[in-house]
Structures are given as structure tokens and as C-alpha cells.
Amino acid sequence: MSFLAELGRGLNAYGEAHRVIFRHNLQKYLIIPGVVCIAYAALFFLAVGGSGALISIDTAELPWILSWLGSAANWVYRVFYWTALIFLFFVSFRYVVQVLLSPYLSKLSEVVEARVLGQDPPELGWQEYASDMVRAFRLAIRNLIREVLLCFVISFVPMVGAIGVFLIASYYMGFGFMDYTLERHRINTRESARFCRTHSGLSVGLGLVANVGILIPVIGWLIVPTYATVASTLETMKLLPPLPRKAGLGGDPFTRQFSGA
């Protein structure tokens with residue numbers, strides 16, 4: 001399937017996710033992610049934003065080349081400060097939320113697979129959910145480093161820099177939500193990355209809607225984690241091969257032979 005076709009699937013998945021959430025009474029899964037997101041946003045702006053209000057520039061100490069700014073120097077400073085602060089918030093928001101909520105959103109993904117798709121997901125215990133959080137943290141660090149480096153490079157490309165940065169951010173956003181399903185099906189991080197590269201259009205489409213959503217204060221922060229998880233689970237499950245049972249083993253009775261295609 002072409003990149004554009006998968007991109008369209010990723011964008012349309014949120015309409016299906018909305019129908020699934022209300023048809024299968026999954027609205028309760030909006031509460032905890034919403035509370036966590038609002039709490040993080042409040043703490044972030046109170047802690048980081050409050051400190052910015054206490055900082056000012058002594059215009060008498062400005063170099064002569066900037067002396068013409070005069071009292072406007074503090075205004076310019078605050079514009080740059082708040083622009084950088086908002087950018088930092090949206091970058092950190094995605095990764096912090098995906099890590100903090102990983103056990104909860106993994107459970108939601110499992111519920112969608114079982115209740116909505118009628119499939120028998122691998123049985124997970126608290127130990128597996130704890131490992132989900134560790135994996136989500138490691139994946140977040142990996143993706144954050146790669147995203148920052150790629151965005152830094154492409155930002156220098158004239159005309160397409162801003163669009164490229166947003167598409168890269170969307171790809172890694174979609175990757176993070178798709179990984180809840182991939183991890184549950186015992187696909188390791190390297191194979192998960194290969195899967196998302198193979199289906200990069202889908203990853204970008206899923207992440208693009210989520211990124212636009214978190215640009216909407218409060219409402220977007222409340223609904224994006226749940227909607228993105230449901231949409232990603234529905235689309236990722238369509239691409240995974242059947243999960244066979246592996247007889248004669250204790251613990252997890254499932255195994256998967258994954259080709260990455």
C-alpha cells in the first residue's frame with residue numbers, strides 16, 4: 001500500500017475510533033488520561049512559566065549594537081521565551097504522556113482488541129504492564145533523540161522545513177501509540193521500528209491528527225491519548241499476521257513470527 005493510501009487510513013481511523021468508543025462504552029477510558037494531561041499541563045506552566053515572569057533584562061547592560069531596543073528588549077525576550085516554552089511543552093507533552101500512561105493505554109489497547117475486534121489478546125499481568133512502562137520510557141528517549149536530530153537538520157531546508165518538522169513529529173507520535181499494540185504482541189523495539197518504517201504513512205497519519213489535537217488546549221489534551229490509542233490499535237491489528245498459540249508453554253501461551261512487512 002502506498003504512503004498516501006496509508007496516510008489516508010491513519011487520518012480516517014479517528015472517525016472509526018470515535019464510533020468504537022461510544023458504541024462499546026469506552027468513554028470511561030477518557031477520564032484518567034484527561035486528568036493526567038491536564039495535571040501535567042498545569043504543573044508545566046506553573047513551574048516553568050512562572051519562573052519566566054521573574055526574569056527580566058537589564059537594558060543598561062545590553063551591548064551597544066542592541067542598545068536601540070531600549071525597554072523593548074524585555075518584550076522581545078518574553079516573546080522568544082514563551083515561544084520556546086510552548087514548543088518545549090508540546091514536545092515534552094507527547095513523550096511524558098505516552099510514558100506515564102503506558103500501562104493504562106496498553107490496557108485500553110488490549111480491551112479494544114478483545115471487545116471490539118473479538119480477538120484473544122495475549123494475557124498480561126502487572127509485571128508485563130510495568131515492563132510496558134520501562135519500554136515506553138526507553139522508546140521515548142530513542143525517538144526523542146532521533147526526532148530532535150532530524151527536525152534540526154530538516155529545519156534548515158528552505159520552504160519545506162516547517163512542514164517536514166511537523167511530519168517527522170507526527171511520525172514519532174504515531175509510532176508511540178502503535179507500539180502499545182506491537183509490544184503486547186511480543187514485537188521487540190527494533191522490529192517495532194521496522195514495522196512503523198514499513199507503514200510510515202499510517203504512522204504519520206495517526207500522529208498528525210494527534211499532534212493537531214494537542215494544539216487545542218484542554219479539549220485536545222483530554223481526548224487525544226484515548227482516541228489515538230483506539231485508532232492506532234484498530235489500524236495496527238489490521239496489519240499484524242494472526243497470532244498463533246504455542247502449546248506446551250507456561251506463562252504467555254503466545255508467540256509471533258514477525259517479518260516486519
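Predicted model: local features only at pLDDT ≥ 70, side-chain atom pairs only at ≥ 80, totals over all residues.
Trainee: Then at what angle do α4 and α6 pack?

Mentor: Helix α4 (residues 102-116) packs against α6 at an angle of about 70°, and the axes are 9 Å apart. That makes the two helices roughly perpendicular, because angles of 65 to 115 degrees count as such.

Trainee: Is the crossing left-handed or right-handed?

Mentor: The crossing of α4 and α6 is right-handed.

Trainee: Which residues meet there?

Mentor: From α4, S102, L105, S106, S109, E110 and E113 meet F177, Y180, T181 and R184 of α6. By class, this contact has 3 nonpolar, 4 polar and 3 charged residues.

Trainee: Turning to aromatics, how many pairs are there?

Mentor: The structure holds 15 aromatic pairs. One of them joins F44 and F89, which are tilted, with 5.3 Å centre to centre and 55° between the planes.

Trainee: What does that pair tie together?

Mentor: F44 lies in helix α2 (residues 31-53) and F89 in helix α3 (residues 72-100), so the pair links parts 45 residues apart in sequence. Both residues are buried. Ring pairs also link F44 and F89 into a cluster with Y40, F45, F90, F93 and W221.

Trainee: And what about Y171 and F175?

Mentor: Y171 and F175 form an edge-to-face pair, 6.2 Å centre to centre with 65° between the planes. Both lie in helix α6 (residues 161-184), 4 residues apart, about one turn of the helix.

Trainee: Buried or exposed, Y171 and F175?

Mentor: Y171 counts as buried at 12% relative accessibility, and F175 is buried with a relative accessible area of 1%.

Terms used
Residues numbered from 1 in each chain as written. Heavy atoms only, no water. Phe/Tyr/Trp six-rings, centres within 6.5 Å; stacked < 30°, edge-to-face > 60°. Buried < 20%, exposed > 50% of the residue type's maximum accessible area, 1.4 Å probe, protein only. Axes fitted to C-alpha atoms, helices over the stretch in contact; angles between N-to-C directions. Parallel < 35°, antiparallel > 145°, perpendicular 65-115°, else oblique. Left-handed = near helix turned anticlockwise from the far one by under 90°. Contact = heavy atoms within 4.5 Å. Nonpolar A, V, L, I, M, F, W, Y, C, P; charged D, E, K, R; others polar.
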